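Here are my notes for you on this one. Keep the viewer open and click along as you read.

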Amino acid sequence: MEATVTSCPSTPRWNLERPFLTGRFHQETKGTSRFADAKSFSFDSFSSGPEKPIGCYDTAVQELIVIDDLLSALVGIEGRYISIKRLRGKEDNVTFQVDASMDLALQEMAKRIFPLCESFLLIDQFVESRSQFKNGLVNHAFAAALRALLLDYQAMVAQLEHQFRLGRLSVQGLWFYCQPMMGSMQALSIVIQKASATNLAGSAVLNLLQSQAKAMAGDNAVRSLLEKMAQCASNAYLGILERWIYEGVIDDPYGEFFIAENKSLQKESLTQDYDAKYWRQRYSLKEDIPSFLANIAGTILTTGKYLNVMRECGHNVQVPMSENSKLMTFGSSHHYLECVKAAYEFASGELLNLIKEKYDLVGKLRSIKHYLLLDQGDFLVHFMDIAREELLKKHDEISVEKLQSLLDLALRTTAAASDPCHEDLTCFVERSSLLKGLSTLKDLDIKTISDNNDAEEPLGITGLETFSLSYKIQWPLSIVISRKALAKYQLIFRFLFHCKHVERQLCGAWQMHQGVRAFNACGTAISRSSLLCRSMLKFINSLLHYLTFEVLEPNWHVMHGRLQTAKSIDEVIQHHDFFLDKCLRECLLRLPELLKKVEKLKSLCLQYAAAAQWLISSSIDIPKLEDAPSDTSLGPEKSKQWKSRSLSKAQKLMIRNTAVTDSVLKFEREFNAELQSLGPILSSSSQAEPYLTHLAQWILGVGHDQ
């Protein structure tokens, strides 16, 4: 993910080119002794030493010279007979060497003190290098704490030197006074070596200090020192954290904070981006999280996100702060945890009230329910009447602008005109059928079917199969009603819309059957066709009843109740997404095998409804029956001719009636076969999907009527 690129000032070049400005010149220039002139020292090599080796002096004089050299070595300066060795290319590898002619007892005593000298050099070098801008605030704070420690260390060396000048310091005394600092300095040198090896910064440094402090649990003094170092190093980090959870601002000039900001993602993308990357990836957690914040990292991230949303809305808000709200300490008291929790509760409550009260989230969801879930269908009936001609065209021939004007007309002339949100409703035409659209959408976890032929796009797809409604969602409601959520609403709408279309077509066929009831239809195919039409109507009505009263309404009421008790915007998003996913599943849109069966049944219903007018007109010769004259109005001869013609017409009508009967029987067989094959699938699936029990009862009930 593209994170915010941080830039920091560079260390001036002259600060690196002039070593005497950094304090390291003591180690790189000729060592100076209090008892002799300076000797030559070449970097990366041992000193050639004075003309006289130290072994030429007696033991008492050697001890004085060794003490003098050790005092210099303790602050990183070479002595006359103690030299510093650095390996080329390994600046951190420092060793001290003594003159081989030195008294063995003095050599042993000096070597005991050398680890302290080496630790000082490592720490001093780390302080100098980590004080540069590029190393970040945590390293700066850590280096400052080490610098304060080195001041105490150098004060101890100065006191030892004073005792030496007074003639009160022996080698054994020097070793005695150095021992208390030995463990602490070595522990710090181990931390520094690990930090330098991988160039740690930010959270990694804090984690290293804390892990080393835990590892030294047996040495209280060293553990306390490392905890103090961790505390000092974390102060700057906690300052960044404080601004994030109290103001929603990332003040992180060196990119050390464990929350990354991706400024390329803007809030406007929520209405277009199906994955809602803005909400999930505008602010995200990095891999390096301080161990003491690991358990509440998600809460910290969410708190700042909530404050940012309010700021994006122009609603400036800041978490109330007091003396107890400062995050400058952490430890066994866990006070910082209480501060984070309080900030989260405040930010969550403020944002939830803002979206619920000012932006009327529930009202907007209810409006979407009216239109996309067909809760108020009067506008849709009017729209389907006036837009019928346009919707019957192929999807690539439809004028979306004309459909939009017809939709606006339908909204203004029905009860929807009283809804202030009706102007947010728009229409568009998809390029694929419902089944194809389901297969191309992400995150729906739709099982694929091995039958590739069924996956092919049907030919001649019209606007009735591809028409859909959309809804204009503004920020910050787009956090809840994202592009993904709107796509799920549209899938449900398309399914309901097509079911409504099938119902209207069957109702038209039923009205035609009712219109010919006055004629004696016995012996024709009309009675059989009427029964089939009634069965088809019962099927589609049962399906619509299940979708609306068994699925959408109950789930909506459950979601509405949960939204009233939600404590945060994330809970609102969770409840809303759960509602949509459950509706998709219970509306069969996640069960393609069942959905294809239902689509096949709807297709048969439409084919039958389209053929109904031909079936009726072919079964009964209505105009001739109306024009039939009485026997008394004609002469005997003409009456005989008319009866002969009527007999011929009746024979032709009987032949057509036979053809119509065959057509009706064909429709009936296909419909019953599909219906009966759907019943067992529903019955078996209802064991794993209990909600299908209601639909199975309705469908099987339709089957028993045949």
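This is a predicted model: local features need pLDDT of at least 70, side-chain atom pairs count only at pLDDT 80 or more; totals for chains, interfaces and linings use all residues.

1. Every value here was computed from it.

2. Helix α5 covers residues 136-165, and α8 covers residues 220-247. Their axes come within 8 Å and cross at roughly 145 degrees, and the crossing is right-handed. Which residues in α5 meet α8? On the α5 side they are Leu137, Val138, Ala141, Phe142, Ala145, Leu146 and Leu149. Facing them in α8 are Leu225, Met229, Cys232, Ala233, Ala236, Tyr237 and Ile240.

3. Tyr237 from that list turns up again in a ring pair. The structure has 16 aromatic pairs. In one of them, tyrosine 237 partners phenylalanine 258: the ring centres are 6.5 Å apart and the planes are at 20 degrees, so this pair is stacked. Tyrosine 237 belongs to α8, while phenylalanine 258 sits in the loop between α8 and β3 (259-261), so the pair links distant parts of the chain, 21 residues apart. Both residues are buried.

4. Now compare another pair, phenylalanine 467 with phenylalanine 497. Here the centres are 5.1 Å apart with 45 degrees between the planes, and the pair is tilted. Phenylalanine 467 is in strand β6 (residues 467-471) and phenylalanine 497 is in helix α18, so the pair ties together parts 30 residues apart in sequence. Buried or exposed, what is phenylalanine 467? Its relative accessibility is 1%, so phenylalanine 467 counts as buried. Phenylalanine 497 is at 0%, so that residue counts as buried too. Ring pairs also join Phe383, Phe467, Phe493 and Phe497 into a cluster.

5. Stay in α18, which runs over residues 483-515, and find histidine 501. With 7% relative accessibility, histidine 501 is classed as buried. What does histidine 501 contact, leaving aside its neighbours within four places in sequence? The contacts are Met384, Leu464 and Leu606.

6. Between β6 and α18 there is a loop, and proline 476 lies in it. Have a look at the bond joining tryptophan 475 to proline 476: this peptide bond is cis, with omega about 5 degrees.

7. Cysteine 117 is in none, and the nearest cysteine sulfur, on cysteine 178, is 7.4 Å away.

8. At 1.5 Å a residue, its 18 residues (569-586) should span 26 Å, and the end C-alpha atoms are 26 Å apart, which agrees. Its buried residues include Ile569, Val572, Phe579 and Leu584, and also Asp581 and Glu586. After α20 comes leucine 588, which has a positive phi near 75 degrees.

9. Two further residues have positive phi without being glycine. Asparagine 199, at about 55 degrees, is in the loop between α6 (171-197) and α7 (203-215). Aspartate 360, at about 50 degrees, is in the loop between α11 (335-358) and α12 (361-372). Aspartate 360 is partly exposed, with a relative accessible area of 42%.

Definitions and conventions:
Residues are numbered from 1 along each chain as its sequence is written. Side-chain values use heavy atoms; hydrogens and water are left out. Helices (H or I, at least four residues) and strands (E, at least two) are DSSP runs, numbered from the N terminus. The expected span of a helix is 1.5 Å times one less than its number of residues. Buried means under 20% relative accessible area, exposed over 50%, partly exposed in between (1.4 Å probe, protein chains only). Contact means heavy atoms within 4.5 Å. A disulfide is a pair of cysteine sulfur atoms within 2.5 Å. Rings of Phe, Tyr and Trp (its six-membered ring) pair if their centres lie within 6.5 Å; planes under 30 degrees apart count as stacked, over 60 as edge-to-face and the rest as tilted. Axes are lines fitted to C-alpha atoms, for helices over the stretch in contact, and angles run from 0 to 180 degrees between N-to-C directions. A crossing is left-handed if the near helix is turned anticlockwise from the far one by less than a right angle, and right-handed if clockwise.
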